Amino acid sequence: MRFRFLLPAALLAAAAPAPTLAQTPAPAIAGAPAVPQAWARATIPGAPTAAVYLTIRGGTTADRLIAAATPLAQAAELHETVRDGDIMRMRTLPDGLPVAAGQTLAFGPGGYHIMLTGLRHGLTRGEHFPLSLTFRHAGTMQVTVTVESAGASGMGGMDMKGGAMPSMPGMGGMDMGGTHKP
Ligand SMILES: [Cu+2]
């Protein structure tokens with residue numbers, strides 16, 4: 001009997017140890033969407049929920065973000081914040097979020113976010129945690145979420161001075177970790 005055991009290159013690549021992740025995600029399939037930024041705001045200690053914001057750069061073909069998960073929370077859901085009269089409400093995106101080819105999609109406070117519920121511990125500024133993102137076509141990729149200050153409006157040195165938030169009617173307290181409710 002002829003013994004033949006060839007490992008396909010893709011399998012070997014998958015078995016290689018994951019590189020240490022900094023701000024950048026692991027290189028994905030060529031042409032797949034990329035996630036150059038993933039961040040969250042610090043929460044009060046023991047906060048049960050938090051929101052993660054991403055910047056997604058569309059790949060060479062249209063795709064769709066359909067799921068997220070992190071060991072830090074029991075659930076990670078795609079949410080959208082929408083205005084309903086004077087009230088800002090969040091709703092889940094059960095069909096995921098389309099990612100157009102070649103376009104950049106920016107999540108942010110008051111917009112798209114990934115809602116973490118059942119948080120294992122509050123988020124501290126400077127902390128990093130892993131998040132897996134599943135795209136319909138590109139599959140699952142790992143990104144590292146950076147925790148910014150509680151008043152951050154973006155990633156990396158974009159804090160509002162003094163922690164002040166841009167004041168928008170009807171948005172008081174919205175999206176702050178401790179008070180962020182579905
Ligand atoms: Cu939410």
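**Fold, core and confidence of a predicted model**

Visitor: How much of the protein counts as buried?
Guide: In this predicted model, 27% of the 182 residues count as buried.

Visitor: And which elements does the protein have?
Guide: The protein has ten strands and one helix.

Visitor: What share of the contacts links residues 24 or more positions apart?
Guide: Among contacts with a separation of 6 or more, 69% are between residues 24 or more positions apart.

Visitor: Which residues touch the most other members of the largest nonpolar core?
Guide: That core has 32 residues, and those touching the most other members are Ala 38, Ala 40, Val 52, Ile 114, Leu 116, Leu 131 and Val 145.

Visitor: Which elements give two or more residues to this core?
Guide: They are β1 (34-41), β2 (49-57), β3 (63-69), β4 (73-84), β8 (113-119), β9 (128-135) and β10 (139-148). The largest share, six residues, comes from β2.

Visitor: What is Ala 40 in contact with, leaving aside neighbours within four places in sequence?
Guide: Ala 40 is in contact with Ala 50, Ala 51, Val 52, Tyr 53, Leu 123, Val 145 and Val 147.

Visitor: Turning to confidence, where is it lowest and where highest?
Guide: Helix α1 (residues 9-15) is lowest, at a mean of 47, and β9 is highest, at 98. For the protein, the mean pLDDT is 80, with 70% of residues at 70 or more.

Visitor: Over which residues does pLDDT stay under 50?
Guide: One such stretch is residues 158-182, for which the model has 40 contacts beyond four places in sequence. Residues 5-23 are also below 50, and that stretch has nine contacts beyond near neighbours in sequence.

Terms used: Residues are numbered from 1 along each chain as its sequence is written. This is a predicted model: local features need pLDDT of at least 70, side-chain atom pairs count only at pLDDT 80 or more; totals for chains, interfaces and linings use all residues. Helices (H or I, at least four residues) and strands (E, at least two) are DSSP runs, numbered from the N terminus. A residue is buried if 20 or more other C-beta atoms lie within 10 Å of its own, exposed if 12 or fewer, and partly exposed in between; C-beta atoms are placed from the backbone. Two residues are in contact if their C-beta atoms, placed from the backbone, lie within 7 Å. A nonpolar core is a set of buried Ala, Val, Leu, Ile, Met, Phe, Trp, Tyr and Cys residues joined through C-beta atoms within 7 Å. pLDDT is the predictor's confidence in each residue, from 0 to 100.
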